[in-house]
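Here is a short report on selected local features of one model. It covers a helix pair, a few side chains and some backbone angles.

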Amino acid sequence: MENRTFYNEILIDHNQHPGHKRELPDANLILEGINPSCGDDIFLHLKVENDTIVDGSFVGDGCAISQASADMMLDLVIGKSKDEALHLADLFRRMIHGEITEDELDELEEAGALQDIAHMPARVKCAMLGWRTMKEMIEQE
């Protein structure tokens, strides 16, 4: 029960007070991510310099899970190299599918609070939207 409360607090905080939900005028990578099954729609903005994500933001609409997950993702990847961001995206995907070790889970910091999404199949795409969009964006560059 304590983990559920922790999960709810983190999710609510990132949904109601997202630190990265804003325009980013100097972004050099922008990609729209859509979850057609529920209507979540975000535009992810990244500013990448010398292979490092130096800033990031998102705008758009969606459920609490998609919005909070995108915000947590940006907390993690800003300041990281593109390869490190892809590694974190892979860890997040594996966590959502229940295929992660405790040590790997620690790398995801607050985003690890979304681990229970694995038990809610209808919400997996919501949680993955920002991560999938970032991965696609970096791989297209």
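E104 is buried, at a relative accessible area of 18% (buried means under 20%, exposed over 50%, partly exposed in between, with a 1.4 Å probe and protein chains only). This is a predicted model, in which local features need pLDDT of at least 70, side-chain atom pairs count only at pLDDT 80 or more, and totals for chains, interfaces and linings use all residues. Residues are numbered from 1 along each chain as its sequence is written, and side-chain values use heavy atoms, with hydrogens and water left out.

E104 sits in helix α4 (helices are DSSP runs of H or I, at least four residues; strands are runs of E, at least two; both are numbered from the N terminus). Its side chain makes a polar contact with the side chain of R94, at 2.7 Å. Such a contact is a pair of N or O atoms within 3.5 Å; within protein, one must be able to donate a hydrogen and the other to accept it, and residues adjacent in sequence count only if both atoms are side-chain atoms. Not counting residues up to four places away in sequence, E104 touches L91, R94 and E99 (contact means heavy atoms within 4.5 Å).

## The α3 and α5 pair

Helix α3 (residues 82-96) packs with α5 at about 155°, and their axes are 10 Å apart. Axes are lines fitted to C-alpha atoms, for helices over the stretch in contact; angles run from 0 to 180 degrees between N-to-C directions.

On the α3 side, the contact is made by K82, A85, L86, L88, A89, F92, R93 and I96. On the α5 side are V124, A127, M128, W131, M134, K135, I138 and E139.

## A85

A85 lies in helix α3. A85 is buried, with a relative accessible area of 0%. Leaving aside neighbours within four places in sequence, A85 is in contact with I53, V77, K80, M134 and I138. A85 and E109 are 24 residues apart in sequence and 13 Å apart in space, C-alpha to C-alpha.

## Positive phi in two loops

Most residues other than glycine have a negative phi. E109 has a positive phi of about 50° although it is not a glycine. E109 lies in the loop between α4 (102-107) and α5 (124-140) and counts as exposed, at 58% relative accessibility.

D51 also has a positive phi, near 70°. Its place is the loop between β2 (40-49) and β3 (52-61). D51 is partly exposed, at 38%.
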